[in-house]
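Please keep the sequence and the 3D view at hand while reading.

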Amino acid sequence: MASAAGVGVFKLILVFFLVLILIGLGVLGLILRGLLSLLFGRRNETGDGQGTDGRFRFGRAPSPDKLPERMLACGLCGVHVPESEGVRTADGFFCCEEHRRAHDKNKAEAVGP
Ligand SMILES: [Zn+2]
């Protein structure tokens, strides 16, 4: 009887270990998957949807239209104006056409005879 009981316990332990190993393998697989995704970046983890999402995000971030425009000082009054709103000439940059003309006039007067 004692040996039979021993075999029964042994069988129980065997089954217990088998279950443990199966659970362990499952956990190991999960850990390995996590490690692999960590090692090889999150690209493998991301599906097609997230890939396109990332592409969209990449396109959104450095939008040249929304970049702060370069501010330039007017050659006459010194006011800082966005480059596209001012007037650029060979003499320099001006906040408006009026100041460009005024600067030309001043220059003509200064250089004139
Ligand atoms: Zn000006």
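The chain holds three helices and four strands, where helices (H or I, at least four residues) and strands (E, at least two) are DSSP runs, numbered from the N terminus. Read from the N terminus on, these elements follow the order α-α-β-β-β-β-α.

This is a predicted model, in which local features need pLDDT of at least 70 and side-chain atom pairs count only at pLDDT 80 or more, while totals for chains, interfaces and linings use all residues. Residues are numbered from 1 along each chain as its sequence is written.

The predictor's confidence in each residue, pLDDT, runs from 0 to 100; its average over the chain is 80, and 72% of the residues score at least 70. Among the elements, helix 2 (residues 48-60) has the lowest mean pLDDT, 49, whereas strand 4 (residues 93-94) has the highest, 96. Over residues 49-55 pLDDT stays under 50, and the model has two contacts beyond four places in sequence for them, a contact being a pair of residues whose C-beta atoms, placed from the backbone, lie within 7 Å. Where pLDDT is low, the predicted coordinates should not be read in detail.

Of the 113 residues, 4% count as buried (20 or more other C-beta atoms within 10 Å of a residue's own; exposed means 12 or fewer, partly exposed in between, with C-beta atoms placed from the backbone). K107, in helix 3 (residues 97-111), counts as exposed because it has 11 C-beta neighbours inside 10 Å. P68 sits in the loop between helix 2 and strand 1 (71-73), and P68 is exposed because 6 other C-beta atoms lie within 10 Å.

Each of these residues can be paired with another one:

| Pair | Apart in sequence | C-alpha to C-alpha |
|---|---|---|
| K107 and D91 | 16 residues | 9.7 Å |
| P68 and P82 | 14 residues | 9.1 Å |
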